[in-house]
Amino acid sequence: MVRDLACELTRQGHQVAVYCPEAGAVADEIRAQGIPVAHKLTSLNFVPDIIHGQFHLPAVEALLRFSAVPAIYCQHAAMGASEEPFYFPRILRYVAVDDRCRKRLEATSNIPHERIQVILNAVDLNRFQARGPLPAIPRRALIFSNNASKSTFVPAVRKACRQAGLDLDVVGLGSGNATARPEAILPGYDIVFAKARSALEAMAVGASVILCDMAGLGSIVNAGNFDRLRRMNFGVGVLDKPLRVDAIRAEIKRYDPCEAAKVCARVRNEAGIVESTRQWVKVYSEVIEEFAQTSHDQNEEFDALVAYLRKPGFDDRVEWERRQLQKLKSIPVIGNGVFRLTRRFLMRWTGNFGLR
């Protein structure tokens, strides 16, 4: 999301820089577009008009570094320590990517509800081009998820696909088969098992999408349920069925090329990154104007910072979780397997990248 938004903001004529304390392959992709990616805020060569924060720690760092700049905070996760929302006076908008994330913001003390709004996730439609019509009977299926592996939900999906006569492939970090160019792969599949933004990308190319991940099974996406599911980001909150083979088969049987085409048209008409970026720019402009017209109380900022620092430390939580994981290894016979599965779950769902 950071890459796509930064690139589209640049295409629309805005100067953008990204702060990323630990840069990886995506940072290289952003740099390749001529956008600076800094691992230290002191290396930025300009003062921004606005801070677009996400993870709370780098957001606070940016707020302290640029003490006269307003901010927004984007909530991408309904759970997880690294994206825990917090109140700060200079954050004038809290933007959730779905209704579940909005509820998390509304439940956070001191955040004024009038500062909360939703901008739904979007897709780079130039990158994810629409495929041709789907076949009447599906032949190829794909699990598109970083959580997919033999120890999570792949066996159940594979068995269901085998019973349905579908060839199944798996793409993602958990399977050791990650790709930097999903747009080149997705058009080759009739059914895609995915969730959240991955599901949205698969819909954009015209695949029939069954919402699925290690948290559970959702529905096949069609014109009738699209609006409800998109408000939930096609995410964990709608994976409400067990990962049983018979339940997966039932969703496969609902495959309908006409419905998939309607969904693809909705995504391409309503969920493009170009229009989404215009929504972000509108929020930025409103915040900059509001900030210029209001007074700023440094004592209030100091109090908010003290409240943030007094919260239970993220590092303390990492250490506690690490100790609990080590205890799992002592379970006879199955200890190492339970340890690996639980570690993978914590890394994915708590946002705890300290667990290795």
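Tutor: Helices (H or I, at least four residues) and strands (E, at least two) are DSSP runs, numbered from the N terminus. The model is predicted, with local features needing pLDDT of at least 70, side-chain atom pairs counting only at pLDDT 80 or more, and totals for chains, interfaces and linings using all residues. Residues are numbered from 1 along each chain as its sequence is written, and side-chain values use heavy atoms, without hydrogens and water.

Student: How many helices and strands are in the protein chain?
Tutor: Both kinds of element occur in the protein chain. The totals are 13 helices and 11 strands.

Student: What share of the residues in the protein chain is buried?
Tutor: Buried means under 20% relative accessible area, exposed over 50%, and partly exposed in between (1.4 Å probe, protein chains only). Of the 356 residues in the protein chain, the buried share is 49%.

Student: Where does N110 lie, and is N110 buried or exposed?
Tutor: N110 is in the loop that joins α4 (99–106) to β6 (116–118). Its phi is positive, about 80°, although N110 is not a glycine. Most residues other than glycine have a negative phi. Because its relative accessibility is 60%, N110 counts as exposed.

Student: A196 also has a positive phi without being a glycine; is A196 buried or exposed?
Tutor: The phi of A196 is about 55°. A196 lies in helix α6, which covers residues 196–205. Its relative accessible area is 14%, so A196 is buried.

Student: Which helix holds K159, and why is K159 classed as partly exposed?
Tutor: The helix covers residues 154–163 and is α5. K159 is classed as partly exposed because its relative accessible area is 40%.

Student: Is G165 buried or exposed?
Tutor: G165 sits in the loop between α5 and β8 (167–171). With a relative accessible area of 53%, G165 is therefore exposed.

Student: What separates the C-alpha atoms of G165 and I137?
Tutor: G165 belongs to the loop between α5 and β8. Along the chain, G165 and I137 are 28 residues apart.
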